[in-house]
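Work through the exercises below with the sequence and the model at hand. Each task is followed by a solution in steps.

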Amino acid sequence: MEGKTRHLDFIQLTITRMAANSFLLKGWTVTLVAGLFAIAAGTNRPSMILFAAVPIIMFWSLDAFYLNQARSFRKLYDDVRQRPDDQIDFSLDARRFSRSNGWLLTALSKTVVGFYGPILLTVLVLRCWL
């Protein structure tokens, strides 16, 4: 029983780290976009606002990657939880639980689009408006 608990702890630590990375990416997105808006306003060059789209798209992609990885590890956690104690091998290989298009589906999920979509839309609207 102790082996299963340790294995589940390892998996949970990995899931926690993925969630922390996702949270940090969201913070960096807001910080960089706000900074680029300030630079664009300070230089009186509204076209610089479009540069904010680059970190938005990059962080959107990375965030989807981390969230997709966390999903795979949650499935691994559930699998290990249901295994008998004598089948615990301490493997952290969650590839068998990931789908080939999982990253794209995660990037287009409501929660991810709901965060990055409005930010990207704001950049595009500001660029057209200014």
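**Exercise 1: the cores**

Task: In this predicted model, find which residues of the largest nonpolar core touch the most other members.

Solution. The largest nonpolar core has 18 residues, and those touching the most other members are Val33, Ala52, Ile56, Trp60, Tyr116, Leu120 and Val123. Next, assign the core to helices: helix 1 (2–43), helix 2 and helix 4 each supply at least two of its residues. Finally, look for another core: a second, separate one has nine residues, among them Leu8, Phe73, Leu76 and Val80.

**Exercise 2: helix 2 against helix 4**

Task: Determine how helix 2 runs relative to helix 4 and which residues meet.

Solution. The axes of helix 2 (residues 53–82) and helix 4 come within 10 Å and cross at roughly 175°. Angles over 145 degrees count as roughly antiparallel, so helix 2 is roughly antiparallel to helix 4. From helix 2, Ala53, Ile56, Phe59, Trp60, Asp63 and Leu67 meet Val112, Val113, Tyr116, Gly117, Ile119, Leu120 and Val123 of helix 4. Sorted by class, this contact has eleven nonpolar, one polar and one charged residues.

Notes
Residues are numbered from 1 along each chain as its sequence is written. This is a predicted model: local features need pLDDT of at least 70, side-chain atom pairs count only at pLDDT 80 or more; totals for chains, interfaces and linings use all residues. Side-chain values use heavy atoms; hydrogens and water are left out. Axes are lines fitted to C-alpha atoms, for helices over the stretch in contact, and angles run from 0 to 180 degrees between N-to-C directions. Helices (H or I, at least four residues) and strands (E, at least two) are DSSP runs, numbered from the N terminus. Angles under 35 degrees count as roughly parallel, over 145 as roughly antiparallel, 65 to 115 as roughly perpendicular and the rest as oblique. Contact means heavy atoms within 4.5 Å. Ala, Val, Leu, Ile, Met, Phe, Trp, Tyr, Cys and Pro count as nonpolar, Asp, Glu, Lys and Arg as charged, and the others, Gly among them, as polar. A nonpolar core is a set of buried Ala, Val, Leu, Ile, Met, Phe, Trp, Tyr and Cys residues joined through side-chain atoms within 4.5 Å. Buried means under 20% relative accessible area, exposed over 50%, partly exposed in between (1.4 Å probe, protein chains only).
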